[in-house]
Amino acid sequence: MPCIVLDMPHQWSAWTKRALIGADDILIVAAPDLANLRNSKNIFDLLKASRPNDRAPLYCLNQVGVPKRPEINASEFAKAIESPPIAAIPFDPQIFGLAANNGQMIAQRLTGRGETKKPRGSFLSPLIGKLRAK
């Protein structure tokens, strides 16, 4: 296979650290809150120290704009991580429910592959349009 994707659990153990350190490329998906900022910063710091000659991990902000939830804005998140996010995905429960049910992912930037052709009128067209607008 040209690409293997690991969805890592939210835990710090020896095997998760080894998997992250041994990975070719890393994409961290984080919600824009304080706990995710802390965890993302810890992962970035670990990987920078353990992989000084490798590409820095990428990250995207997920579920941006959840009603009535306090958030850290993208610029403050980027300042703390010292890197801008590759995407800020707005909260849209209907679109994400459909994507999750169909097993679709956002990994084109990480894999270096070009955009795949989509049929006209795809149900993901609104989400992709929002991502391109960012």
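These questions and answers go through parts of a predicted model.

Visitor: Is Val5 buried or exposed?
Guide: Val5 sits in the segment before helix H1 (14-22). Its relative accessible area is 51%. Residues over 50% count as exposed, so Val5 is exposed.

Visitor: What is the order of the strands in the open sheet?
Guide: The sheet is made of 3 strands, and the pairing is parallel. Strand S1 (27-30) and strand S3 (87-90) are the edge strands, each pairing on one side only. The order is S1-S2-S3.

Visitor: How many bridges join S1 to strand S2?
Guide: S1 and strand S2 (residues 58-64) run parallel. Val29 stands opposite Cys60 in S2. The number of bridges joining S1 to S2 is 4.

Visitor: Are H2 and H3 roughly parallel or roughly antiparallel?
Guide: The axes of helix H2 (residues 34-50) and helix H3 (residues 74-81) come within 10 Å and cross at roughly 30°. Angles under 35 degrees count as roughly parallel. Therefore H2 and H3 are roughly parallel.

Visitor: How many residues of the contact of H2 with H3 are nonpolar?
Guide: H2 contributes Asn36, Leu37, Ser40, Lys41, Phe44 and Lys48, while H3 contributes Phe77, Ala80 and Ile81. Of the residues in this contact, 2 are polar and 2 are charged. The nonpolar ones number 5.

Visitor: At about what angle does H3 run to S2?
Guide: H2 lies across S1 and S2, at about 165° to S1. H3 also lies across S1 and S2. The angle of H3 to S2 is about 150°.

Note on methods
Residues numbered from 1 in each chain as written. Predicted model: local features only at pLDDT ≥ 70, side-chain atom pairs only at ≥ 80, totals over all residues. Heavy atoms only, no water. Helix = DSSP H or I, 4+ residues; strand = E, 2+ residues; numbered from the N terminus. Buried < 20%, exposed > 50% of the residue type's maximum accessible area, 1.4 Å probe, protein only. Axes fitted to C-alpha atoms, helices over the stretch in contact; angles between N-to-C directions. Parallel < 35°, antiparallel > 145°, perpendicular 65-115°, else oblique. Contact = heavy atoms within 4.5 Å. Nonpolar A, V, L, I, M, F, W, Y, C, P; charged D, E, K, R; others polar. Pairing = 2+ DSSP bridges.
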